Amino acid sequence: MTENMRSLRNFFLYKCLFTLTFWNHVSLSVENELFTSVSNNFPDDGSDKKIKSLPLLYTKGHQSKANFDWVVIQNTTESLSLSEITNDNVKKLVVLLSNFRRGSRLQNLTLTNVSVDWNALMEIFQTVWHSSIEYFSINSVTQLSNIERYDFDYSGTAMKALTMTKVLITDLYFSQDVLYIIFADMNIEALTIAESEMIHMLCPSSNSPFRYLNFLKNDLTDILFQKCDKLIQLETLILQKNKFESLPKVSSMTSSMKSLKYLDMSNNLLRHDAADVQCQWAESLTELDLSSNQLTDAVFECLPVNIKKLYLQNNQITSVPKEMSELKSLEELNLALNRLTDLPGCGGFTSLEFLNVETNSILTPSADFFQSCPRVRELQAGRNPFKCSCELQDFIRLERQSGGKLFGWPAAYVCEYPEDLQGTQLKDFHLSELACNTTLLLVTALLLTLVLVAVVAFLCIYLDVPWYVRMTWQWTQTKRRAWHNHPEEQETILQFHAFISYSERDSLWVKNELIPNLEKGEGCVQLCQHERNFVPGKSIVENIINCIEKSYKSIFVLSPNFVQSEWCHYELYFAHHKLFSENSNSLILILLEPIPPYIIPARYHKLKALMAKRTYLEWPKERSKRALFWANLRAAISINLTVPDGQRHGEID
C-alpha cells in the first residue's frame with residue numbers, strides 16, 4: 001500500500017470512529033464491527049484501488065464540506081443510531097432503511113429527535129417492519145399533522161421489540177382508536193411507550209403475541225384493558241407512574257391474562273377500602289409491585305393467592321391483619337416506609353424468606369418473630385425509632401441466636417428512645433438480667449424484703465426497740481395529760497438542782513455519801529429523790545418524767561447494779577430524751593464502780609454511747625481525793641433556784 005493510501009485509510013477510520021454527519025443534520029453511529037470491515041477494504045498489498053470501490057460510502061460530490069447525500073451501510077452492521085429526523089429527510093431515511101432486507105445483519109435501530117407528520121411516521125414504521133431490524137427504539141417524537149386511518153401491514157416482520165419515549169402529539173382533534181390500534185395490533189413480543197401522556201390503549205383485535213408491555217409514566221386510568229382477553233401470552237406488565245385508583249379494577253384487568261407473572265403498579269393512586277369487593281387476579285401472577293400508592297391494611301384482602309414477591313413499601317399500612325387470607329407461596333415481602341408498630345407474624349405467610357420493614361414506627365419488635373417465622377432468612381428492620389428497653393434486648397438476643405439474619409446490622413439499628421440513649425447502636429445497648437427478668441426481679445425483691453424484715457426483727461429484739469417505743473408513747477401521753485389538765489402551767493419551773501437515779505442496791509452510798517455531802521453544808525443543793533419526792537397516786541413513769549423535768553440536772557450513779565435495774569433504764573431514757581429535746585447539757589454521770597462492757601445489755605446502747613462520748617466523775621477509793629470529787633460535783637450542778645415555800649424537801653407539784 002502506498003503512503004497516500006495509508007493516510008487516506010487512517011482519515012476514514014478516524015472520521016467513522018464515532019459519528020458520520022450527512023443530510024446537513026443527520027448523525028449516524030455504527031458499531032465497531034463496521035470499522036473493522038472498513039479497514040479490511042484497504043489492502044496492504046501495494047495496490048492502488050480507488051476510493052470509489054469502498055462498499056461503505058458512495059459520494060456524489062461536495063466532499064470538501066463533508067456532506068453526504070445518502071449513505072449505504074454494508075451488511076455487517078448490527079446497530080444504527082440516527083437523529084434529527086424531519087419531513088425534509090425522511091425519504092432518504094426510508095431509502096437507507098430499505099437496504100436492510102430480511103437476512104441483513106442490522107438488528108438494532110435508534111431514532112432520536114423525530115419530528116414528522118403521521119404518514120411519514122407510519123412509512124418509517126412500515127419500512128422497519130419489513131427489514132432485518134429486531135429492536136427499534138424511537139425517542140423524542142413530535143407528530144405534527146392530522147392522524148388518520150392507516151392500513152398497516154404487519155406481515156413478514158423480524159421485529160421483536162419497539163420502544164417509544166417522550167411522544168408528543170400536537171394534533172388535538174383525531175380519533176383515539178386510529179392511533180392506538182396501530183400499536184395494539186403489533187405482532188411483536190415487547191412494546192414500550194413511556195413518558196408520552198398516553199391516556200388509553202386498545203385491547204388487541206386478536207390474540208396478541210405481546211409478552212412484555214411497558215407504559216411507564218403516562219396518564220392511563222382504571223379503564224385500561226378491562227374485559228380484554230387477547231393478552232393471553234403477556235408475562236410482564238409495567239404501569240408505573242400512571243393514574244390508576246382502584247385496586248379491584250386492576251385485579252379485574254389481569255384476570256384474563258393467563259400468562260402474566262410480573263405486574264408493576266407502583267407510584268399510582270391506588271386505594272382499596274371496600275371489604276365486600278372481590279378481587280380477581282390472574283392465577284399465574286407471582287410478582288406484584290404496589291409500592292408508593294395510598295393502600296392501607298385492607299390491601300391484604302385483595303392480593304393474588306399465588307404471589308411470591310410482593311412490594312408494598314411507601315403506603316399507609318399500620319398492621320397485617322391476622323384474619324387475612326393465607327398467602328402460602330409468598331417468599332418476599334417489602335413493607336418499608338409504612339406505619340407499622342410491630343413486626344408482622346408469619347401466620348399468613350408460611351413460606352416467607354425475606355421481609356423488609358425498614359423506616360416504619362416500630363419501637364419494640366416482637367421477640368418471638370423468628371420463632372413464628374422459622375423460614376425467614378433475612379429481615380431488614382433498620383431505621384426504625386427503636387425504644388431501648390428490656391423487650392428490645394430480648395429481640396437483640398434472639399437475633400444473635402438466629403445467626404445474623406438482620407440485614408444492615410449494626411449500622412442501621414440505633415436507639416431513638418429514651419433520649420439519654422439516642423444514637424446508641426443496639427449492639428452496644430445492655431441491661432442486667434435482673435432489670436429485665438420480671439420473675440427474677442420479684443423473687444429478688446421478695447427475698448430482700450424477707451431479709452430486711454428478719455434484720456429489723458433481730459435488731460428490734462436485740463436493741464429492745466419495743467421497749468423504746470413503749471417509753472416514747474408513755475412520755476408523749478404524760479406530756480399530753482399534763483397539758484390537758486394544767487394548760488396554764490406549761491412553762492416548767494425548776495425546783496431541784498438535780499434528780500438522782502440509782503439502783504436500790506447502791507442506796508446506802510446515795511443516802512450516806514451523796515445526799516449528805518450535797519444537801520448539807522455550803523451551797524444548799526436541793527436533790528430530788530424518788531423515796532421522798534414522788535407523788536402518791538401518780539404512775540412511776542409520770543413521777544420520773546416530772547422529776548426530771550423539774551430538775552436542773554440528772555445525776556446517774558453508775559455501777560453493775562445500775563445496768564441491771566429496769567427503772568434506772570427508764571430514768572436514763574427520759575433524761576436522755578430531755579437532753580436532745582431541749583438541747584441541754586443536763587446529764588451528770590458518776591461511776592461508782594467500774595462496769596465491764598460485756599455486762600451492759602444491748603438495749604443500753606444509749607448508756608454505752610454516753611460513756612463513750614461524755615465525761616463522767618469516778619468515785620475515788622482514796623479518801624484524800626474525795627474532797628475534789630465533791631467540789632467538782634457541786635460545780636456541775638451549781639444554780640440559783642427559787643423554790644416555793646413548803647417544797648424544800650417536800651413533794652413536787
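Q: Helices are DSSP runs of H or I with at least four residues, strands are DSSP runs of E with at least two, and both are numbered from the N terminus. How many helices and strands does the protein have?

A: The protein has 17 helices and 22 strands. This is a predicted model, in which local features need pLDDT of at least 70 and side-chain atom pairs count only at pLDDT 80 or more, while totals for chains, interfaces and linings use all residues. Residues are numbered from 1 along each chain as its sequence is written, and side-chain values use heavy atoms, with hydrogens and water left out.

Q: Where is lysine 166, and what is its phi?

A: Lysine 166 lies in strand E6. Its phi is near 55 degrees, a positive value in a residue other than glycine.

Q: Is lysine 166 buried, partly exposed or exposed?

A: Buried means under 20% relative accessible area, exposed means over 50%, and partly exposed lies in between, with a 1.4 Å probe and protein chains only. Lysine 166 has 47% relative accessibility, so it counts as partly exposed. Glutamate 197 also has phi near 55 degrees, again a positive value in a residue other than glycine. Glutamate 197 sits in the loop between E7 and strand E8 (212-214), and at 61% relative accessibility it counts as exposed.

Q: What share of the protein counts as buried?

A: Of its 653 residues, 45% count as buried. The accessible surface, by the Shrake-Rupley method with a 1.4 Å probe and, for residues, only the protein chains shown as cover, comes to about 33,500 Å². Carbon and sulfur atoms hold 52% of that surface.

Q: How can the span of helix H4 be checked?

A: The expected span of a helix is 1.5 Å times one less than its number of residues. Helix H4 (residues 118-129) has twelve residues, so it should span 16 Å; its end C-alpha atoms are 16 Å apart, which agrees.

Q: How many residues of H4 are buried, and what covers them?

A: Ten of the twelve residues of H4 are buried, so the helix is mostly covered. Among them are Trp118, Leu121, Ile124, Phe125 and Trp129. Contact means heavy atoms within 4.5 Å. By that test, the cover of the buried residues includes strand E3 (79-86), helix H3 (90-98), strand E4 (108-116), strand E5 (135-143), strand E6 (161-169) and helix H5 (176-184).

Q: Which residues have the most contacts inside the largest nonpolar core?

A: A nonpolar core is a set of buried Ala, Val, Leu, Ile, Met, Phe, Trp, Tyr and Cys residues joined through side-chain atoms within 4.5 Å. The largest one has 112 residues, and those with the most contacts inside it are Phe125, Phe136, Leu162 and Phe183. H4 supplies the largest share of this core, eight residues. A second, separate core has 20 residues, including Ile500, Tyr502, Trp509 and Leu592.

Q: Which residues of helix H12 are buried, and what do they pack against?

A: In helix H12 (residues 507-519), the buried residues include Trp509, Val510, Leu514 and Leu518. The buried residues of H12 pack against several elements, among them strand E18 (496-501), strand E20 (551-558) and helix H17 (626-636).

Q: What does leucine 162 touch, and what does methionine 186 touch?

A: Residues up to four places away in sequence are not counted here. Methionine 186, in the loop between H5 and strand E7 (190-194), touches residues including Phe125, Trp129, Tyr154 and Leu162. Methionine 186 is buried, with a relative accessible area of 1%.

Q: How far apart are methionine 186 and phenylalanine 152?

A: They are 34 residues apart in sequence and 9.3 Å apart in space, C-alpha to C-alpha. Across the protein, residues 24 or more positions apart account for 64% of the contacts with a separation of 6 or more.

Q: What does the side chain of serine 246 reach?

A: A polar contact is a pair of N or O atoms within 3.5 Å; within protein, one must be able to donate a hydrogen and the other to accept it, and residues adjacent in sequence count only if both atoms are side-chain atoms. The side chain of serine 246 reaches the backbone nitrogen of lysine 249 at 3.3 Å. Serine 246 lies in the loop between strand E9 (236-238) and helix H6 (247-254), and is buried at 18% relative accessible area.
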